[in-house]
Structure formats: structure tokens, C-alpha cells
Amino acid sequence: MRGIQGFCKTKSAAIIAALFLLGGCVRLVPEGSAPRPVTPPTPPAVKPATAALTGVMRGPVTAGLGFKPDNTAAALQAFATSCPRLTRRTDNSGLTRPEDWAPACTAAATWPAGEAARFFTTYFETAEVGDGAAFVTGYFEPEIAGSRTRQPGYDVPVYALPKDLVRARPGDAQPLPDGKMPLGRYDDAGVFTAYHDRGQIEDGALQGKGLEIAWAADPVEFFFLQIQGSGRLRAPDGSVIRLGFAGQNGHAYTGIGSLMRERGLIGASPGQYSGSMQGIQQYLRDFPDAGKALMRQNRSYVFFRELTGPGPVGALNVPIAGRSTVAADPAFVPLGAPVWLQVDRKEASGLWVAQDTGGAIQGANRFDSFWGAGAEARQIAGGMSARGRALILLPKGTLARLGQQ
């Protein structure tokens, strides 16, 4: 899940948060000679908020956090996996520079897993962004029934990224608040317009374009796989097709859970449903026609690519691991940075590494914890909603450079 690359939260793709709240990324507009209509100048984009602009405060010393050996060893491995990207990419949070991470990354390559706690106390200091009040949800790698070829019982298309899904050229559309041009397509007259939405795609807007990379059996399960932004298709012969996030159609995400709550369908009274993933799925199955219409209220649609490497891939374009990876907003957390969570769900408390993003994971101290694949991961992620405190672990000396005493 959850920008979102690979494991989005369509990132990147959070269960509860994504239900109640997916952005995406896609190729830039190719060069071409299509005529462009004249449009008036657009106002400058609003400068997005970042951790540096929001403000950071020095947190407690790392030695006092109470690192757990198993959790910390997994975080060390995840951090080491992230280092090749971490030391080369621009940190959009404004907190760190690529070279800041070099000492820790050099050490992480050979540091013994049994001494992981000492690694983090040696190389890192803690920082609190804003008030540090954290909200944590969960996501997982779903596995649903699917097939490489269309056959009876497998007729929900899984589409690859369409070539005509592009970003508008400057002047052809109003920029988004973050300054990027919107996603859409150019029609036959060369005019930029919105891309096909979920309903139009389900009604066949992409048929005959050769975009089908597989076929799913259950439209409800596939809808939730799109929310996750990645997953597995289990074919009738037992083979597995692993899918990763490739892009999104540019329409805003609408959480069907929030719509259900507005309509009085979620709650504890008779006839109401749980707000968890499981409860929402039950409603969609109990009322298939109304459920189909409800899902189409979410006009956002996710496209996939087949993954052949190890594990799902997150926004850093490295494999992510259950109980180690969190999705975060890169404007507030350097992607690749360790994160300490102390929340009211014991299983979510501990050391994580920010390796992914998600469309619903926005703002300071907003995280989506990844739990891997399987029934247990599905159960935990589907009901994860935790609040508490978050600390970002930054290379020692970072806070002094930022003017923090």
C-alpha cells in the first residue's frame, strides 16, 4: 500500500483508514504534438506541510525506550534493506540529508542481529513531530482466488496500467495542492479529461485493450485487494500470482466505511455491521446489488503489475516484511527511518521502519502497520486501530543541525 509504489496503501492501500478515508503515481505525460487549448495562468501551488515546517522536538534517549530483542532485530534487518535507497533519495520531510544516514547504514550491513538494540542506541536519537499523538491502522498482503486466464468463475479482470493514463501537461489542467499535475487522459481532440472511473471500468471501458494480466473470482475480495494495493492470486492449480501496485486512475478515494456509517449501517445495534473490514465485507455480501453500487461510490481504481521478486514491494522499492514495516507520510517521516510506536495495542507497539506510503496515510504521526500474509495477518490488520505516541529515530546530530537543543 499503502508516493505509492509497489505496496501502496491503496499503499500506498490501510484497512480501516483506507476504508474510511488512495492516491497513486503513474508515468509522466509523454512528449507529443497533440493540440493544447489555451488556459488562463494558474495560481502558484500551496507549499505542502512537512515535518520541518510543522516542528520537531527532541524526544527521550533511545536507551530508555525499552527495545525488545526480536522486534528490534527485525527492524535492523528492515533498516539495512532500506539503506541503498535511504542514502540516495531526497527526504521530503526536510529533516535529513542522504549523507546523514551513511554511518548507520555502513554499520548496519555487518551489525550482529543479537545486538540490534545497541545498534539503535549507538546511531540514533529520537524526535517528536508536532504533538507526537499517533494513530495506527493495519494492512496485509491478501490472497484471493484468481487465474491467469478467464474461465468460469474467474471473470473479474485485473488490469495492468493503461498507456493512456498520464499526467496533464502544465497549462492543460489545474495543478493539485502539492504542485503536481493531475492524472487523466487526452481525448481524440487532444483535450485533457478525467480518466475512466471505477464504474466505467467495471462496465467495460478498458475491454479489448489487452490490459488483463489475470482474472479474480470475487469482486468483493478484489475490491479489498485494491485497497491493500498488493496481494496474491491463488489459481485453481495451486500456483500463485503476486500482484504489486502499478498506478491509480486519478480519482479521489472514497472510503465506503464512512458512507456506511453516514447511512447508519455501522454500529452495535441490531441490523448494523461492524466497522472492521470483516463487517463491511459481510454487508456487501448480504446486499450484493446495494453493495456493488456502494463500491462504485469509490471512483478510485487501482492497476497492478506482476511481481516476480521476493515479497511485496513498498514505496522505497524494496521488499517489506510483516511486523516490521509501516506506511507513513513521507512529508513527515523520512522513508527508511526507524519509528518507535507506543500505542494502546500491544502488538503494534515497538520498533518499525517506514518503508511504504498510502493514499489514506497522510499527516504527522499517521501510520499503517504491515502484518504480512495469511489468516492471522488479515485478522490483526482488519481490526487494527491504535492510538498513542510516535517517535522518529534520526541519525545522531540531526536535531542539533535543525536547531534543537
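Q207 is found in the loop between α6 and β9 (212-216), where helices (H or I, at least four residues) and strands (E, at least two) are DSSP runs numbered from the N terminus. Q207 is exposed, with a relative accessible area of 55%; exposed means over 50% relative accessible area, buried under 20%, and partly exposed in between (1.4 Å probe, protein chains only). Leaving out residues up to four places away in sequence, Q207 touches Y159 and E212, contact being defined as heavy atoms within 4.5 Å. Y159 and Q207 are 48 residues apart in sequence, and their C-alpha atoms are 9.7 Å apart in space.

The model is predicted: local features need pLDDT of at least 70 and side-chain atom pairs count only at pLDDT 80 or more, whereas totals for chains, interfaces and linings use all residues. Residues are numbered from 1 along each chain as its sequence is written, and side-chain values use heavy atoms, with hydrogens and water left out.

An open sheet of 6 strands has the order β5-β9-β4-β10-β11-β12, with mixed pairing; two strands pair if DSSP finds at least two bridges between them. The edge strands of this sheet are β5 (156-159) and β12, each of which pairs on one side only. Neighbouring strands of the sheet are turned by 45 degrees against each other on average, direction ignored; axes are lines fitted to C-alpha atoms, for helices over the stretch in contact, and angles run from 0 to 180 degrees between N-to-C directions. Within the sheet, β10 (residues 231-234) and β11 (residues 240-248) pair in the antiparallel sense over 4 bridges, and L233 stands opposite I241 in β11.

A further open sheet is formed by 3 strands in the order β6-β7-β8, with antiparallel pairing. Here β6 (166-167) and β8 (192-193) stand at the edges with a single partner strand each, so one side of each is left without a neighbour in the sheet. Strand β6 is joined by 2 bridges to β7 (residues 183-186), and R167 stands opposite L183 in β7.

The loop between β6 and β7 contains M181. M181 counts as buried because its relative accessible area is 12%. Apart from neighbours within four places in sequence, M181 is in contact with R167, A168, R169, P170, G171, A173, P175 and L176. P170, one of these, is 11 residues from M181 along the chain, with a C-alpha separation of 6.9 Å. R169, another of these contacts, has its charged end over the ring of Y186, 4.5 Å from the ring centre. A charge sits over a ring if NZ of Lys or CZ of Arg is within 6 Å of the ring centre and within 35 degrees of the ring normal. R387 likewise lies over the face of F135, at 4.3 Å from the ring centre.

Aromatic contacts form the next topic. Rings of Phe, Tyr and Trp (its six-membered ring) pair if their centres lie within 6.5 Å, and planes under 30 degrees apart count as stacked, over 60 as edge-to-face and the rest as tilted. By this rule the count comes to 22 aromatic pairs. In one of them, the rings of F119 and F124 have centres 5.8 Å apart and planes at 70 degrees, so the pair is edge-to-face. Both partners are buried: F119 has 0% relative accessibility, and F124 has 1%. The rings of Y195 and F303 are likewise edge-to-face, because their centres are 6.5 Å apart and their planes stand at 85 degrees. Y195 lies in the loop between β8 and α6 (198-202) and F303 in β12 (residues 302-307), so this pair ties together parts that are 108 residues apart in sequence. Y195 and F303 are both buried. Ring pairs also link F67, F79, W101, W111, F119, F120, Y123, F124 and W340 into a cluster.

Strand β13 (residues 325-328) directs T325 and A327 one way and V326 and A328 the other, and all are buried. With β15 (residues 350-356), β13 pairs in the parallel sense over 3 bridges, and A327 stands opposite D356. With β16 (residues 366-373), β13 is joined by 3 bridges in an antiparallel arrangement, and A328 stands opposite F367.

Helices α9 (residues 277-286) and α10 (residues 288-296) pack at an angle of about 125 degrees, with their axes 5 Å apart. That angle makes α9 oblique to α10; angles under 35 degrees count as roughly parallel, over 145 as roughly antiparallel, 65 to 115 as roughly perpendicular and the rest as oblique. Y283, L284, R285 and D286 in α9 meet P288, A290, G291, L294 and M295 in α10.
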